[in-house]
Amino acid sequence: MPSQRKARAAKRRTFDVINPATGKALATYPILTAQQVRTKVEGARNAFRTWSRLDPKERAAYLLRFAEVLRKHKAAYAETMTLEMGKVIRDAIAEVE
């Protein structure tokens, strides 16, 4: 069945995220065109340029806030990691931390 799923996904220009424990699709995402990828890469480069010009104290503030959000939602992130990769929940929680 996985090869049939891949063939269907290729025809519709999407890919499925598969739960390795059940083989069931968790989500379906579009496959980007080359131009869409270039646009995303350019956006990332621009974001990096902005980030690299920030004062280290400003960067630290963003990173501390990011860590706060990760910890606040660590159970949900860990569950997603477990579903998508088959990671043991205990290990997934530790990875978020």
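Modeller: D16 is buried, with a relative accessible area of 17% (buried means under 20%, exposed over 50%, partly exposed in between, using a 1.4 Å probe and protein chains only). This is a predicted model, where local features need pLDDT of at least 70, side-chain atom pairs count only at pLDDT 80 or more, and totals for chains, interfaces and linings use all residues. Residues are numbered from 1 along each chain as its sequence is written, and side-chain values use heavy atoms, with hydrogens and water left out.

Biologist: Which side chain does the side chain of D16 make a polar contact with?

Modeller: That of T28, at 2.7 Å. A polar contact is a pair of N or O atoms within 3.5 Å; within protein, one must be able to donate a hydrogen and the other to accept it, and residues adjacent in sequence count only if both atoms are side-chain atoms.

Biologist: And T14, buried or exposed?

Modeller: T14 counts as buried, at 14% relative accessibility. Its C-alpha atom is separated from that of T28 by 6.4 Å.

Biologist: In what sense do β1 and β2 pair?

Modeller: Antiparallel, over five bridges, with β1 covering residues 14-18 and β2 residues 25-30. Strands are DSSP runs of E, at least two residues, and helices runs of H or I, at least four, numbered from the N terminus; two strands pair if DSSP finds at least two bridges between them.

Biologist: Switching to α3, what caps its N-terminal end?

Modeller: D55 does, with a side-chain oxygen 2.8 Å from the backbone nitrogen of K57.
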